[in-house]
Amino acid sequence: MNLFDMTGRVGVVTGAAQGMGKAMATAWAEAGADVVIVDRNADGLEATASDIRALGRRAIPFTCDLADLSQIDLLWATVDAEFGRVDCIGNVAGDARAGAPETATIADLQFTLQCLVVSKFYMCQHAGKRMLAQGKGSIIRSEEHTSELQSRVDISYAVFCLKKK
């Protein structure tokens with residue numbers, strides 16, 4: 001019995017041009033899923049798409065800046081047009097401005113909140129509405145750079161907690 005069979009499933013993975021997002025998209029394809037892969041790195045996306053297609057699965061690369069909510073709307077219109085559903089989402093991508101909280105600007109904070117909170121919420125909201133309508137689905141929200149943040153105080157870590165040096 002295969003405990004990780006995704007045959008016939010449709011997944012969306014952000015941050016899929018490299019790192020954890022690429023690994024997730026590739027693993028889902030290895031398990032039988034077709035995948036919409038999302039990143040702002042078009043060359044990296046094409047490389048991931050090529051890897052997924054070599055596994056015999058369908059890969060739809062979608063280049064987009066997830067900080068721009070209108071681009072997220074276009075992404076989901078593409079998911080709907082290509083597949084008509086989504087079974088799982090790996091919400092990996094997230095950008096932040098590194099730096100000590102005491103020297104960060106409000107613009108740095110707003111950028112970080114937009115990328116790590118607002119856009120991730122908006123992606124989950126889009127996926128969740130579709131999953132509720134179809135009666136099932138899974139959402140995975142991840143922070144690829146969290147381990148880096150544990151070793152230093154920076155603005156994106158400070159958004160979620162206070163730490164004394």
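Modeller: Let us begin with the word contact, which here means heavy atoms within 4.5 Å. Please keep in mind throughout that this is a predicted model.

Biologist: With that cut-off, which residues of H3 meet which residues of H4?

Modeller: On the side of H3, the residues are Leu69, Ile72, Asp73, Leu75, Trp76 and Asp80, and they meet Gln114, Val118, Ser119, Tyr122, Met123, His126, Ala127 and Arg130 in H4. Sorted by class, the residues of this contact of H3 with H4 are eight nonpolar, three polar and three charged.

Biologist: How do the axes of the two helices lie, and at what angle do they cross?

Modeller: The axes of H3, residues 69–82, and H4, residues 106–134, come within 11 Å and cross at roughly 25°. Because angles under 35 degrees count as roughly parallel, H3 is roughly parallel to H4. The crossing in which H3 passes H4 is right-handed.

Biologist: What does the packing of H1 and H2 look like when it is read in this way?

Modeller: H1, residues 19–30, packs against H2, residues 42–54, at an angle of about 20°, and their axes are 9 Å apart. These two helices are therefore roughly parallel to each other, and H1 passes H2 in a right-handed crossing. Lys22, Ala25, Thr26 and Ala29 of H1 make the contact with Ala47, Thr48, Asp51 and Ile52 of H2. By class, that contact has four nonpolar, two polar and two charged residues.

Biologist: Turning to strands, how should I think about their two faces?

Modeller: The general idea is that in a regular strand the side chains alternate between the two faces of the sheet. In strand E2, residues 34–39, one side carries Asp34, Val36 and Val38, the other carries Val35, Ile37 and Asp39, and both faces are covered. Six of the six residues of E2 are buried.

Biologist: Which strand is joined to E2 by five bridges, and do the two run parallel or antiparallel?

Modeller: Strand E1, residues 10–14, is joined to E2 by five bridges, and the two run parallel. To follow one of these pairings, look at Val13, whose bridge partner in E2 is Ile37.

Biologist: How many helices and strands does the protein chain have, and in what order do its elements run?

Modeller: The protein chain has six helices and five strands, and from the N terminus on they run β-α-β-α-β-α-β-α-β-α-α. Of its 165 residues, 41% count as buried.

Conventions. Residues numbered from 1 in each chain as written. Predicted model: local features only at pLDDT ≥ 70, side-chain atom pairs only at ≥ 80, totals over all residues. Heavy atoms only, no water. Axes fitted to C-alpha atoms, helices over the stretch in contact; angles between N-to-C directions. Helix = DSSP H or I, 4+ residues; strand = E, 2+ residues; numbered from the N terminus. Parallel < 35°, antiparallel > 145°, perpendicular 65-115°, else oblique. Left-handed = near helix turned anticlockwise from the far one by under 90°. Nonpolar A, V, L, I, M, F, W, Y, C, P; charged D, E, K, R; others polar. Buried < 20%, exposed > 50% of the residue type's maximum accessible area, 1.4 Å probe, protein only. Pairing = 2+ DSSP bridges.
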